[in-house]
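Dear colleague,

Please find the structure below, together with its sequence. My notes on what was found in it follow directly after.

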Amino acid sequence: MSEMRRIAVTVNGRHHDADVDVRLTLADFLRHQLNLTGTHVGCEHGVCGACTILIDGRSARSCLMLAVQTDGRAITTVEGIAPGPGQMHPLQEAFRENHGLQCGFCTPGMLTTLIEFLRDNPDPTEDDVRIAISGNLCRCTGYQGIVAAVLDAAKRMKAERAA
Amino acid sequence: MTVLGNRVLRLEDEDLLRGKGRFVDDIHLPGMLHAAFVRSPFGHAAIRGIDKTAALSHPGVHAVLTRDDLLPYLKNERIVVGLPSPAYRQNRDRPALAGDEVVHVGEPVAVVIATSRYIAEDAAALVEVDYDPLPTIADPRAALIAGAPLAHRDAPHNLLAEFDMGYGDIEAAFSTPGAHVFRESFWQHRGGGHSIECRGDVAAYDAMDDRLTFWSSTQTPHAAMRILADMLGRNEERIRVITPDVGGGFGPKLIFYPEDITVAIAAMIVGYPVKWIEDRREHFVATTQERDQYWNMEIAADGEGRVLGLRGALIHDHGAYTARGVNLPYESAQTVTLPYAIPAYQINVKLALTNKVPVTPVRGAGQPQGAFVMERMLDRVGRELGIDRGEVRRRNLIRADQMPYTKPLKARGGRSVVLDSGDYPKCQEDALARGGWSDFPQRQAAARAEGRHLGIGVANFVKGTGRGPFEAVTVRIGPSGTINVFSGAAAMGQSTKTMLAQVVAEELGNDISNVAVVPGDTGTISMGIGGFNSRQTVMAGSSAHVAAVKVRDKVLAVASHILDVPERDLYIHGNQVMATDAPERAVSLGQIALSVTGTPGFVLPGGVAPGLEATEHVVIDDMAYANGCAVTEVEVDIETGGVKILNFVIAHDCGRVINPMIVDGQIVGAVTHGVGNALYEWMGFDENCQPTTTNLGEYLLITAPEAPHIDIIHHESPSPLNPLGVKGVGECGVVPAAAAIMSAIEDALTPFGVRIAQTPITPQEIVALIAEGRKKKAAP
């Protein structure tokens, strides 16, 4: 019942030609075929947001997409956020310093969602941040550390731009 | 600067932020196959036969296993996990896979092992199970009435267990002249754990070495190892259970499940590693949850609002099997009076079997329900007697000068309940002050003049933490100089690695980056109890402290010999031992460790025993009781029934704080969980025991816009029971949350005479209560 298709995708800047089962979800493709296990699967019905990735810069649920739909697209996962091996993105640093994560399972989806959000909203209010992550469930933090981290990250990124 | 007590950033974070964590579904082994379970679609049914033919002929399927296939591997077919208690009236241990009867929707009946999860699920749909549906019992109260449908065909009745708890002369209390007596009935419901990572296992059996390796997203790896050994009749030394990173626990992952033993046996049968990852729908129907309690209570108080006695009965929904024991309602019943000096208490508790998912603890373990009962009854006393709700509590709270205070109750293992320390009235006083209690009436009046309905609520709690008897910790330094810490403690997000690293580094150089912590791997330490009951900082922290002190003493003894400097003139800084007066005279931890590995034919330096290592199991039988007070202000929209939390203050005392950042995170997370329990989470079943909330659209977890900002006040009353002076914190915040919120909603709706005797409460129910209140007021 299944058939294979070849797709060409760029993931975190690296080009892949891959043969994929047409029913393979994008999340499973990233996790199990490319071994990019940083993208997490929490509900497989698009509610929890843990599997959020960026496709051509826009956030998307990788559990609700098929791998074949990304042919010709550029994908960013949590592994592709940091500028380099020894460095972290200001958002990652702010999460660490504001205790924006506990078990860390929702974190990849939070980060990808917020990369897009902070790009479009460089100077957000607390309410803006809360709405931005309203599609990402976290059972550990009560969101307070995450919200503090995002506001802190916005400040850091602003300072970086000014520098 | 010391690392203990300071806001130290976490060891766990960098990997998790880079997507380099390793959760159970991130494990890929060569040749690994995938499991999908066939589950009962009925709440109760007989199984007349299972036809695997179609599934087995599906391409990519390696095996389809049912109970009969597992039996040759099982010394014991049942999962025996019930904690000891004389209260049981019947034994309802779970089987690995169902035999000729299923007793809840979601119960595993068969498992398909295939080359991918996709194919395994395709084939699972092809397994034909011939069911004969049987009557179901959904309501635990109805379950206990004679003639009710039986949850199990062979059961004499649906009473799983029954016990009485209490102290004092309850009859005398209620017959005190002038006593005011009030009755209340409560329905309390809590849902599932819903860690964002569901459960999962990877099992690999190495026939050459006769070794079973089992990676599991569990809170209790050593218990899992022992249960596997017991059920399989194997030497426990041939089984290793490893917890990789765990994406949240919240209680249900402390349970050993039918899927766990089935996946282990499947790996032995097919000869390849087998992975099973639970999906969210399975989490709703196969992972344990808390659900329903029905309380009928009666309180007697004197004219000043001093409680004379409290009595009543609790009926608890146990679900279809015993997956942990009677502990959940036991904790509920025991928690009720904890913060207060109440002279007499009596409660009868009955656990009823129903055809639903087994019930076991979720964060808080029945204690939010106990606190809810007490706090709602005190609100009633205050209202009836015209005494401020804060004042009626103050009059009954145990005072600081009464500590330690012995409650005439027994903890589940038989030890006395002794509240070890704390200033409960001061916590309440501070919380009320921060929450603006005294000037709230003005705010409320001003809002009402604008047609807005504000309310304020208060709730105290006392929470038993640090469940004994011990947790194992090994501290070992090898020639690399890394301080390795191994523990039976399990990490599932509570910062356990950082906590242990701080405790150990405090004695060994003050730098947590020199410390590598491995929790939850039975291959590294022989004993362990695991992560639940807010126990690990108390129990593992104490063992880590004592072990680190022993290693430190030896480090200094050997360094003294190597440097020829008296021990009293040495100190450890980072990974070096230095002379106080001559820092150039230094030797590294690695060199010291190397020197005690032994050189053939040579005496060990200073005549010490070999190795730089200590293993400790500090035994602490009594619990450390944390406490606190929550004050919350809400606004209720009387048209929609919507509740907005405007302010939530919690004054909190978990003894000595190891890391304020982490403690705050635990409190905020737990309070938020409690807010969800009060206003959003509901695990529904219909009258046929079919679950009606099986996705995260139907079952509501709180999201960021509804989550209130939590304002925390810290008190630190060190516990005298352990060397660090700590008390547990992980569950505390959840305990008072629903009670405080209902108190506030009721206060907001005073003009309509609304009374709330349940949790959760939905907007629809609030609107209905307002309408009912208006009707009553309008009636002559």
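In chain B of this predicted model, strand S10 (residues 180-192) is joined to strand S31 by two bridges, and these strands run parallel. Helices (H or I, at least four residues) and strands (E, at least two) are DSSP runs, numbered from the N terminus, and two strands pair if DSSP finds at least two bridges between them. Gln188(B) has Thr759(B) of S31(B) as its bridge partner. In general, strands of a sheet pair through backbone hydrogen bonds, either parallel or antiparallel.

Both strands belong to an open sheet of six strands in chain B, with the order S9-S17-S16-S15-S10-S31 and mixed pairing. Its edge strands, S9 (159-167) and S31 (758-759) of chain B, each pair on one side only. Helix H11 (residues 367-385) of chain B lies across S10, S15 (289-301), S16 (307-319) and S31 of that chain, and runs at about 145° to S10(B). Axes here are lines fitted to C-alpha atoms, for helices over the stretch in contact, and angles run from 0 to 180 degrees between N-to-C directions. Two residues are in contact if their C-beta atoms, placed from the backbone, lie within 7 Å.

As to conventions, residues are numbered from 1 along each chain as its sequence is written, while chains are lettered from A and ligands numbered from 1 in the order in which they are written. Because the model is predicted, local features need pLDDT of at least 70 and side-chain atom pairs count only at pLDDT 80 or more, whereas totals for chains, interfaces and linings use all residues.

Chain A is divided into domain 1 (4-80) and domain 2 (90-162), with bounds from an automatic or database domain assignment. The centres of the two domains, taken over C-alpha atoms, are separated by 22 Å. In chain A, 17 residues of domain 1 are in contact with twelve residues of domain 2.

Also in chain A, helix H3 (residues 107-120) and helix H5 (residues 144-162) pack at an angle of about 45°, with their axes 12 Å apart. H3(A) and H5(A) are therefore oblique to each other (angles under 35 degrees count as roughly parallel, over 145 as roughly antiparallel, 65 to 115 as roughly perpendicular and the rest as oblique). H3(A) contributes Met110(A), Leu114(A) and Leu118(A) to the contact, and H5(A) contributes Ile146(A), Val150(A), Ala153(A), Ala154(A) and Met157(A).

Yours sincerely
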